[in-house]
Amino acid sequence: MKTIRCVSAVVALLAAGGAYAANLEAGKSKAQEVCQACHGMAGQSAASPDYPKIGGQYEDYLAKALRDYKSGVRKNAIMAGFAGALTKQDIANLAAHYAAQPRVVSARY
């Protein structure tokens with residue numbers, strides 16, 4: 001009986017799906033292709049203060065933001081264009097890449 005419950009739990013977890021194992025190297029490669037010009041490779045956008053510094057942000061926050069740009073829930077014409085071409089795996093990889101970068105700490109007085 002205990003084995004059946006264990007197997008049932010594993011099957012339920014697998015059936016839930018939706019989770020994609022992130023690949024940092026693939027995220028780095030996609031960041032070079034798509035994100036680097038505005039956000040930089042480490043997510044410390046030096047190009048313009050208009051581009052957010054995303055390095056070191058929480059992975060789940062970054063993934064949700066990209067999904068929201070892709071779906072149109074979050075509005076930005078530039079980001080909608082870029083995010084629209086991303087796959088679920090691309091989003092997971094990019095979020096992992098930028099989350100793994102050093103966080104920008106700033107103080108505002």
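## Basis of the model

Residues are numbered from 1 along each chain as its sequence is written, and side-chain values use heavy atoms, with hydrogens and water left out. Because the model is predicted, local features need pLDDT of at least 70 and side-chain atom pairs count only at pLDDT 80 or more, while totals for chains, interfaces and linings use all residues.

The predictor's confidence in each residue is given as pLDDT, on a scale from 0 to 100. For the protein chain the mean pLDDT is 85, and 79% of the residues reach 70 or more. Over residues 6-17 the pLDDT is below 50, and this stretch has zero contacts in the model beyond near neighbours in sequence. Contact here means heavy atoms within 4.5 Å. Where pLDDT is low, the predicted coordinates should not be read in detail.

## Overall make-up

The protein chain has five helices and zero strands, and its pattern along the sequence is α-α-α-α-α. Helices (H or I, at least four residues) and strands (E, at least two) are DSSP runs, numbered from the N terminus.

Of the 109 residues of the protein chain, 28% count as buried. Buried means under 20% relative accessible area, exposed means over 50%, and partly exposed lies in between (1.4 Å probe, protein chains only). Among contacts in the protein chain with a separation of 6 or more, 64% come from residues 24 or more positions apart.

Two packed helices are described by the angle between their axes and the distance between the axes. Axes are lines fitted to C-alpha atoms, for helices over the stretch in contact, and angles run from 0 to 180 degrees between N-to-C directions. Angles under 35 degrees count as roughly parallel, over 145 as roughly antiparallel, 65 to 115 as roughly perpendicular and the rest as oblique.

Helix α2 (residues 24-39) packs with helix α5 (residues 88-99) at an angle of about 80 degrees, the axes being 8 Å apart. The two are therefore roughly perpendicular to each other. On the α2 side the contact includes Lys30, Ala31 and Cys35, and on the α5 side it includes Asp90, Asn93 and Leu94. The residues of this contact divide into seven nonpolar, five polar and three charged. Ala, Val, Leu, Ile, Met, Phe, Trp, Tyr, Cys and Pro count as nonpolar, Asp, Glu, Lys and Arg as charged, and the others, Gly among them, as polar.

## Helices α3 and α4

Helix α3 (residues 59-71) and helix α4 (residues 77-84) pack at about 100 degrees, with axes 8 Å apart. That makes α3 roughly perpendicular to α4. Leu66, Tyr69 and Lys70 in α3 meet Met79, Ala80, Ala83 and Gly84 in α4. These residues divide into five nonpolar, one polar and one charged.

## Selected residues

Asp90 lies in helix α5 and counts as buried, at 15% relative accessibility. Leaving aside neighbours within four places in sequence, Asp90 is in contact with Lys30 and Ala85. Asp60, in helix α3, is exposed, with a relative accessible area of 58%. The C-alpha atoms of Asp60 and Ala92, 32 residues apart along the chain, are separated by 8.7 Å.

The whole structure has zero disulfides, a disulfide being a pair of cysteine sulfur atoms within 2.5 Å. Cys35 is in no disulfide, and the nearest cysteine sulfur, that of Cys38, is 8.7 Å away. Cys35 counts as buried, at 14% relative accessibility.
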